[in-house]
Amino acid sequence: MKTSWRTASLVASAAAVLALTTACGQDSPPPAASQNVGATTGAGDLGSIGAGQAGGGGAQASASPADTAGELNVSTNAELGKVVTDSLGLTLYRFDQDTAEPPASNCEDDCAKTWPPVPADDATAGEGIDKALLGSVDRADGTKQLTVAGWPAYRYVKDVNAGDVKGQGVGGKWYALNPQGKKAQAADRPGLSTREDAKLGEIVVDGNGMTVYRFMKDEAWPKPVSACTGACLEKWPVVSPVDFEDTKGIQEKGYMTFTRPDGADQQTINCWPIYTFAGDKAPGDTNGQGVGGTWYAVRPDGKPVGASEK
């Protein structure tokens, strides 16, 4: 069996882990977490990330699915692995601002027009779907919405063909559902890694392949401080904590998390807070580079691309 980078990462020494606990003046180790991407943008459509078609997909959805779910099935996507689809082959999604315990939907009004809730009334479990994981939640309008492992399920209006996954990663909050109700993620992709950009060189990307940025008004020493608050966070979602074992090519020194004033935890590289950009629509986009003269892509050592350190 081929050894993956994940397996190899487990041999990291205890001494290296201990070294992180005192970075940036910290006295205690950063909390462990595995979430990839910050979840602070609005509920509406902020663009799309196409992750490829499911194998054998591409058939046009010929009927409106608004009032039916039908038999749920599992489709295999080349990038995301197994995802749940409805009877028309359309991908089902979950929303980070919802909750599964107890099930609750926080997508209403305009949000629900972009992300139509999947009705629960006629949903049945097809091959690969565990019937015990299917349920429903009452919406504000009195309808019942399908849940998978407690997570309310939605479609995306820009998915028009069976196998489309254009909603994957939208706004850093919308993800295709896998059969266990978890977020479908690119196969064996680290939570944070690097890629070689033709113009910017080696830069950091998150678990969805989206470019990671630094804000030059932030501070790193003696402790991380984020100057991006309020409306700023709608455009620049924070990168939530990622275990160092779930990274590849990132500098270990100064790799830590900190707690923001709003109580959310944010990841840093070399003690600098990191973010993604809502204006990046697909993996490989670098639309946030140089915005306002204060936002820059990040190198593996935490330095900004194309800007001088303070």
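This is a predicted model: local features need pLDDT of at least 70, side-chain atom pairs count only at pLDDT 80 or more; totals for chains, interfaces and linings use all residues.
The largest nonpolar core has 15 residues. Within this core, Leu 80, Tyr 93, Cys 107, Trp 115, Tyr 154, Trp 174 and Ala 176 touch the most other members. Strand 3 (93-95), helix 3 (110-114) and strand 10 (174-176) each give two or more residues to this core.

The protein has 310 residues, and 49% of them count as buried. Its secondary structure comes to 4 helices and 17 strands. Take the contacts between residues at least 6 apart in sequence: 70% of these join residues at least 24 apart.

Cys 107 is joined to Cys 111 by a disulfide, with an S to S distance of 2.0 Å. Both Cys 107 and Cys 111 are buried. The torsion about their S-S bond is about -110°, so this disulfide is left-handed.

The structure holds 2 disulfides. Cys 228 and Cys 232 also form one, with their sulfur atoms 1.9 Å apart. This link is left-handed as well, with -110° about the S-S bond. How exposed are its two ends? Cys 228 has a relative accessible area of 0% and is buried. Cys 232, at 22%, is partly exposed.

Next, the charged pairs. The whole structure contains 7 salt bridges. One of them joins Lys 183 to Asp 96, with the closest N and O atoms 3.0 Å apart. This pair links distant parts of the chain, 87 residues apart. Lys 183 sits in the loop between strand 10 and strand 11 (192-197). Asp 96 sits in the loop between strand 3 and strand 4 (99-100). Is Lys 183 buried or exposed? Its relative accessibility is 14%, so Lys 183 counts as buried.

Asp 110 is exposed, with a relative accessible area of 56%. Lys 113 is exposed too, at 59%.

A further salt bridge forms between Lys 144 and Asp 138. Their closest N and O atoms are 2.8 Å apart. Lys 144, at 41% relative accessibility, counts as partly exposed. Asp 138 has a relative accessible area of 55% and is exposed.

Strands of a sheet pair through backbone hydrogen bonds, either parallel or antiparallel. Here, strand 14 and strand 15 (residues 265-269) pair in the antiparallel sense over 3 bridges. Which residue of strand 15 is the bridge partner of Phe 258? That partner is Gln 266.

Terms used:
Residues are numbered from 1 along each chain as its sequence is written. Side-chain values use heavy atoms; hydrogens and water are left out. A nonpolar core is a set of buried Ala, Val, Leu, Ile, Met, Phe, Trp, Tyr and Cys residues joined through side-chain atoms within 4.5 Å. Buried means under 20% relative accessible area, exposed over 50%, partly exposed in between (1.4 Å probe, protein chains only). A salt bridge is a side-chain nitrogen of Lys or Arg within 4 Å of a carboxyl oxygen of Asp or Glu. Two strands pair if DSSP finds at least two bridges between them. Contact means heavy atoms within 4.5 Å. A disulfide is a pair of cysteine sulfur atoms within 2.5 Å.
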